[in-house]
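Here are my notes on this complex, as numbered points. Please read them beside the coordinates.

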Amino acid sequence: MNKTTTNTNPIIKAEGLSKRYGDFDAVRGIDFAVEPAHCIGLLGPNGAGKSSTMRMIMGLSTVTSGSLEVFNHPVQEMTRVNKARIGLVPQETNLDPDITVIENLQVFGRYFSLSPQTIAERVPRLLEFMQLEDKAGALVMALSGGMKRRLVIARALIAEPELVILDEPTTGLDPQARVLIWKQLLALKQQGRTLLLTTHYMDEAQRLCDRIIVIDHGQILDQGSPKELISRHVGGHVFEVEKPRLPKSDTGYQDSEDIGDTILYFVQSPAEFIETLPEDSVYLHRQANLEDVFLRLTGRVLREP
Amino acid sequence: MQLPSLSAILAVASRQYIVWKKLIVSALVTNVANPILFLFAFGFGLGRFIDTMQGISYMSFVVPGMIAYGAAFAASFETTIGSFSRYHMQHNWDAVLSTPVTLTELLLGEALWASIKAMISAVAVLIVGWLWGGIPSIGGALLALPVVFIAALCFSCVGLAATSYAKGYEFFSYFFTFWVTPMFVFCGVFFEIARFPDFIQTIAWLLPMTHLVAIIRPLSAELPIDIATIVLHVSYMIALAVLAFLVALRRMRHRMFD
């Protein structure tokens with residue numbers, strides 16, 4: 001794989017990007033860039049505008065306003081050659097259920113106009129990469145959910161794409177399958193490929209992403225590395241203090257949130273904060289994580305998609 | 001706007017072929033056995049009471065009609081129930097469009113495969129009808145096959161246009177009731193259209209089936225037909241195919257991308 005890493009032009013560049021369906025604004029003027037050989041996470045509750053953004057990048061959804069460049073060209077003018085540089089792992093598994101694992105990959109290779117030799121050479125490698133060798137001849141409808149997911153990822157890699165877009169790649173999978181997928185996605189990044197992914201799992205985002213874009217109601221709330229976001233929004237530590245024995249003063253924490261029986265305190269220096277707690281207070285002290293950031297930024301109110 | 005690529009169109013059609021091979025028994029029952037059953041019913045049933053129609057034996061009359069109907073039914077079924085399933089149930093179209101294949105190429109591939117299936121039906125009926133003595137001129141019948149293919153593309157494109165408006169499977173009951181069935185009963189498949197009142201004849205000439213039957217029957221039954229007439233009928237079917245394809249493309253683009 002001779003991927004160019006010297007090129008620092010962003011692979012995706014959006015400015016004022018908007019998408020409107022009828023009178024619903026799904027994406028409202030967002031600006032972001034995706035640098036080559038990075039993994040960027042798009043996080044947000046259901047209906048935040050993540051999938052709409054991904055569909056626009058793929059050229060599967062028209063841009064209502066603003067500009068969107070993919071591989072330095074407006075997405076509206078995406079050529080066949082540039083389209084072949086993108087692999088999509090859709091949220092909904094849309095494999096061909098009636099044919100075998102191998103045939104699914106072969107059929108997809110033909111959509112990319114790959115030669116039969118190239119396809120024949122790549123299929124075994126992809127099966128191995130996603131640990132599906134034993135299932136090569138199995139019908140897709142006989143596969144488990146995790147195997148189907150792995151096959152969808154293998155399928156997206158058939159044309160060796162420089163940019164891989166993954167819409168919730170591990171939703172609904174068991175921990176073993178998720179660990180395998182994470183390992184292989186990191187391997188793809190090592191090869192110099194660029195990843196753009198959405199997920200509802202904060203551990204996944206924290207593990208894979210160099211940079212995270214938090215999006216809600218079609219707008220970007222903040223972006224940065226997982227570390228930056230954590231220190232910016234929730235400090236380094238969280239104290240979950242049970243009511244009613246609360247801190248005696250409001251010094252020592254940068255923010256707090258009442259979640260019912262408990263109040264969360266977001267704290268930079270834990271030693272200082274403990275001083276302010278009554279001796280008999282009941283609390284849990286833990287590291288702040290991305291989940292805290294996510295809930296701080298997007299709120300705790302349940303969303304219906 | 002890029003020109004459609006032949007390899008992309010063939011990639012779409014070849015995917016349908018691979019799936020078809022897996023389900024070949026049910027596919028053949030629908031597309032081959034179905035028109036042949038009709039042929040037997042009309043041949044043995046109606047054929048006993050009718051000596052000649054339009055001056056030829058009833059078998060010579062009904063076999064070319066059933067070739068046309070076999071093609072029309074196969075093509076219409078494939079680009080409605082078949083295409084809608086791929087688009088709506090299997091989300092196969094989403095998968096295809098995430099590759100360099102464009103919507104134009106996808107729809108052309110769908111129409112091409114549906115037309116190939118239509119030819120399988122047409123040829124099966126042709127062989128059975130010929131063995132049964134319903135084709136006085138086998139050379140003429142074979143000469144008509146390219147026209148059957150053009151007509152099949154027309155039926156396929158109209159099916160795609162219907163699919164582009166379908167919200168669910170029930171929509172296709174209208175399509176079959178008001179499009180496919182009239183083509184069976186009013187277009188001279190088993191009954192000459194001259195026996196209908198004028199306004200039904202007018203409707204019949206709007207349907208592509210009438211134009212197809214008007215070419216196959218003279219060719220397979222050794223009746224006189226001149227080139228200009230053939231060109232006129234074929235032109236009508238091509239025009240309708242192009243119009244239907246553009247409707248399907250425009251409507252699907254709006255539905256999928258806007």
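1. Just after α5(B), B:G133 takes a positive phi of about 80 degrees. Helix α5 of chain B itself covers residues 103–131. With 29 residues, α5(B) reaches 42 Å from first C-alpha to last. That is close to the 42 Å expected at 1.5 Å a residue, where the expected span is 1.5 Å times one less than the number of residues. Helices (H or I, at least four residues) and strands (E, at least two) are DSSP runs, numbered from the N terminus.

2. The basis of these notes: this is a predicted model, in which local features need pLDDT of at least 70, side-chain atom pairs count only at pLDDT 80 or more, and totals for chains, interfaces and linings use all residues. Residues are numbered from 1 along each chain as its sequence is written, while chains are lettered from A and ligands numbered from 1 in the order in which they are written.

3. Confidence. Chain B averages a pLDDT of 93, pLDDT being the predictor's confidence in each residue, from 0 to 100. In chain B, 100% of the residues score at least 70. For the complex, the predictor gives an ipTM of 0.90 and a pTM of 0.91.

4. Chain A is divided into domain 1 (12–229) and domain 2 (236–287). These bounds come from an automatic or database domain assignment. Taken over C-alpha atoms, the centres of the two domains of chain A are separated by 40 Å.

5. Start of chain A. Strands β1 (residues 12–21) and β2 (residues 24–34) of chain A run antiparallel, joined by 7 bridges. Two strands pair if DSSP finds at least two bridges between them. A:A14 has A:F32 in β2(A) as its bridge partner. The two strands form a hairpin with 2 residues between them. In the turn, A:G22 has a positive phi of about 60 degrees.

6. The six-stranded sheet. Chain A has an open sheet of 6 strands, ordered β6-β7-β8-β3-β9-β10, with mixed pairing. Its edge strands are β6 (86–89) and β10 (219–224) of chain A, each pairing on one side only. The twist averages 15 degrees from one strand to the next. Axes are lines fitted to C-alpha atoms, for helices over the stretch in contact, and angles run from 0 to 180 degrees between N-to-C directions. Strands β3 (residues 39–43) and β9 (residues 211–216) of chain A pair in the parallel sense over 4 bridges. Here A:L42 is partnered by A:I213 in β9(A). Helix α10 (residues 290–298) of chain A packs on this sheet, touching β3, β9 and β10 of chain A. The direction of α10(A) makes about 30 degrees with that of β9(A). Contact requires C-beta atoms, placed from the backbone, within 7 Å.

7. The four-stranded sheet. This open sheet of chain A has the order β12-β13-β11-β14, with antiparallel pairing. At the edges are β12 (255–258) and β14 (283–287) of chain A. The twist averages 20 degrees from one strand to the next. Strands β11 (residues 237–242) and β13 (residues 262–267) of chain A pair over 6 bridges. A:E242 stands opposite A:T262 in β13(A).

8. The contact takes 23 residues from chain B and 22 residues from chain A. The chain B side divides into 11 nonpolar, 8 polar and 4 charged residues. Ala, Val, Leu, Ile, Met, Phe, Trp, Tyr, Cys and Pro count as nonpolar, Asp, Glu, Lys and Arg as charged, and the others, Gly among them, as polar.

How values were computed
Two residues are in contact if their C-beta atoms, placed from the backbone, lie within 7 Å.
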